[in-house]
Amino acid sequence: MEEKQLVRISKFLSKYLRHEPESLGLSLALGGWVMVDDLLAACKKKSFPITREQLEEVVEKNSKKRFSFDPTGTQIRANQGHSVEIDLQLEPKIPPPTLYHGTAEKNLESIKSIGLQKMSRHHVHLSKDISTANNVGTRHGKPLVFAVDTSAMQKAGHTFYCSDNGVWLTDNVPPQYLKKI
Ligand code: HQG
């Protein structure tokens with residue numbers, strides 16, 4: 001499949017597996033899972049037919065590994081980035097001592113005063129390295145990257161999770177743990 005088509009399907013799936021499953025006639029089960037057969041039938045009904053093979057190719061080749069099948073291959077979910085209320089059932093994990101968050105310069109003053117908030121998502125998203133964080137920030141405007149002192153946060157009792165595609169998640173980051181780099 002061509003890259004353009006992979007992106008088109010990925011955007012379609014992100015919309016319905018993260019944000020509005022009900023408008024495709026789907027509901028997400030615990031963990032955010034949907035039956036693959038139900039998803040394919042719903043896509044067809046929406047005049048966006050996808051084959052099982054195309055779905056497998058998107059899961060495998062998606063640039064950010066946004067989607068996963070369950071071990072039996074009968075269910076699929078978005079790994080992170082939901083706005084609908086779901087419990088991904090992730091286990092708390094110890095993060096590397098420093099993680100990074102990319103944002104836009106226009107958010108600087110607000111973040112300095114109240115820290116990082118989850119906004120419309122379930123968690124604040126943190127990246128493993130500066131270049132990934134920079135790319136995330138670019139989506140919002142002129143990028144700005146913060147180093148997050150996850151080691152100190154962990155000691156202070158904050159909980160971290162890591163999604164199946166390696167994005168670190170936490171509830172909020174108070175300003176004292178942020179350093180602009
Ligand atoms: C900002 C993409 C003002 C925050 C990426 C961000 C990521 C504040 C924006 C994933 C704030 C929320 C998530 C505050 C946070 N004042 N602005 N107090 N606290 N913000 O898109 O982290 O392509 O919800 O800095 O790769 O940009 O979807 O979060 O700029 O992993 O797979 O509010 O989305 O992945 O924006 O991105 P978002 P994000 P996907």
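The model is predicted, so local features are reported at pLDDT of at least 70 and side-chain atom pairs only at pLDDT 80 or more, while totals for chains, interfaces and linings use all residues. Residues are numbered from 1 along each chain as its sequence is written, and side-chain values use heavy atoms, with hydrogens and water left out.

**Domains and the position of the ligand**

- The ligand lies between the two domains, because domain 1 and domain 2 both give residues to the shell around it.

**The shell around the ligand**

- There are 19 residues around the ligand, and K64, H101, T103, S110 and H140 come nearest; a residue is near if one of its heavy atoms lies within 4 Å of the molecule.
- The shell is made up of 5 nonpolar, 9 polar and 5 charged residues, where Asp, Glu, Lys and Arg count as charged, Ala, Val, Leu, Ile, Met, Phe, Trp, Tyr, Cys and Pro as nonpolar, and the others, Gly among them, as polar.
- Both β4 (98-104) and α4 (108-114) supply at least two residues of this shell, with α4 giving the most, at 3 residues; these elements are DSSP runs numbered from the N terminus, helices being H or I of at least four residues and strands E of at least two.

**Polar contacts and cover**

- Polar contacts here are pairs of N or O atoms within 3.5 Å, and a polar side-chain atom of H101 lies 2.7 Å from an oxygen atom of the ligand.
- For R121, a polar side-chain atom is 2.8 Å from a ligand oxygen atom, and for H125 an N or O atom of the side chain is 3.4 Å from an oxygen atom of the ligand.
- Of the 780 Å² of accessible area that the ligand has on its own, the protein covers 88%, by the Shrake-Rupley method with a 1.4 Å probe.

Terms used. Polar contact = N/O pair within 3.5 Å; in protein donor to acceptor, adjacent residues only side chain to side chain. Domains from an automatic or database assignment.
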